[in-house]
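Me: Could you walk me through how to read this structure, one feature at a time?

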Amino acid sequence: MTEVTLIKVGMADLNVAAGGAVLKTTGLGSCVGVTLYDPVRKAAGMAHIMLPSSEIAREGQLNAAKYADTAIPALIARLHEIGAVKERLVAKMAGGAQMFAFAGGSEATRIGPRNVESTKLALEAENIPLLAEDTGAHYGRTIEFDSSTGVLVIRSVQYGVKEI
Amino acid sequence: MSLFPKDFDFKMDVLREVGNIGAGNAATALSRLLNKPVDMAVPTVSLLPFEEIAERVGGSETVVVAIFLRVGGDAPGNMFFIITRESARRLLQGLLSEDAASDEAEYSEMEMSTLCEIGNILAGSYLSSLGDLTRMQMYPSVPSIAVDMAGAILSYGLIQFGTMGDDALLIDTSFREGKEETQGHFFLIPDPESFDKLFRALGVPVE
């Protein structure tokens, strides 16, 4: 067994990996975990997106990783730095659940599906194909993305392990 | 994030007292419900990076039982009543029957709605004492329950803070039932806009 380097991606955070390292983010609820992969360079990137659009941001210093519309371009730029070619990138995503299905009727309860929709739009805008997704429903997910294979492993409390 | 540019320590103290009064009443309600003494810790008030909030209940991937209520009225916010699966089992055995929650992985509909109702009663007493103190309207939404990873659950309560920065202000009170290691938490996460209203109502000068 060889040691696999695990790179943690926090909430509203993004990171890239290559050379067989694995990217991991835990406890995705309404947040979306999106991964980009260059299969030739074997370069992987992951973002833990919390909100659909940076238009609602009121913070001074914008954290690009937090919003779907800013996270995708930021992740592409980071991948470019480690030698990935944008035209080769493919995407996968997981998360965007409605953790509390019956809480009020407020717009906040739809935040999961909105994160999913916005992430898809942001990928389309960059012409990056979405290969697979495991989104929606009402449960939390932890994901791991292997930079050597481009396989996304999804764990949940109720449904065990799944690969896409 | 400069949430309170002035009188930071004093304001944090005021919020600690808010937690003390609210959770104190909720702990009394829980104690009556269980007919057992319930110990409450001194609340902690902290401005925490999103990532660290789930650490309070054992980490992002720890499975917890959480009842969530959206607080409506004059000072909106999010409220969570969070307990371990072990404490949920003990609560249910005390209230329903000895063999309740024998299946840790899945609760029956009756068990889920009992837990939800406990959360409802406790949040109601937390908020009504806070309402009395501040003379503001604060009312809980219909409660909803989830048994899942702490990170996935709590991130839901951080959306309002999300647009402001990468930290959230959390009023956390942990409690323990009798000698048992029942670990539970009340989390109150007021919306960023609610702080000035809370302070004004409590006579704290607001810049």
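Me: How many residues of chain B are in contact with chain A?

Reply: First, this is a predicted model: local features need pLDDT of at least 70, side-chain atom pairs count only at pLDDT 80 or more, and totals for chains, interfaces and linings use all residues. Residues are numbered from 1 along each chain as its sequence is written, with chains lettered from A and ligands numbered from 1 in the order in which they are written. Two residues are in contact if their C-beta atoms, placed from the backbone, lie within 7 Å. Here, 26 residues of chain B touch 30 residues of chain A.

Me: Which elements of chain B supply at least two residues of that side?

Reply: Helices (H or I, at least four residues) and strands (E, at least two) are DSSP runs, numbered from the N terminus. In chain B, they're α2 (50–53), β3 (63–73), β6 (144–149), α5 (150–154) and α6 (159–162).

Me: What is the strand order of the open sheet in chain A?

Reply: Strands of a sheet pair through backbone hydrogen bonds, either parallel or antiparallel. Two strands count as paired if DSSP finds at least two bridges between them. In chain A, five strands run β2-β5-β4-β6-β7, with mixed pairing. The edge strands, β2 (14–18) and β7 (130–135) of chain A, each pair on one side only.

Me: How many bridges join β4 and β5 of chain A?

Reply: Seven, in the antiparallel sense, between β4 (residues 32–38) and β5 (residues 43–49) of chain A. Look for V34(A), which sits opposite A47(A) in β5(A).
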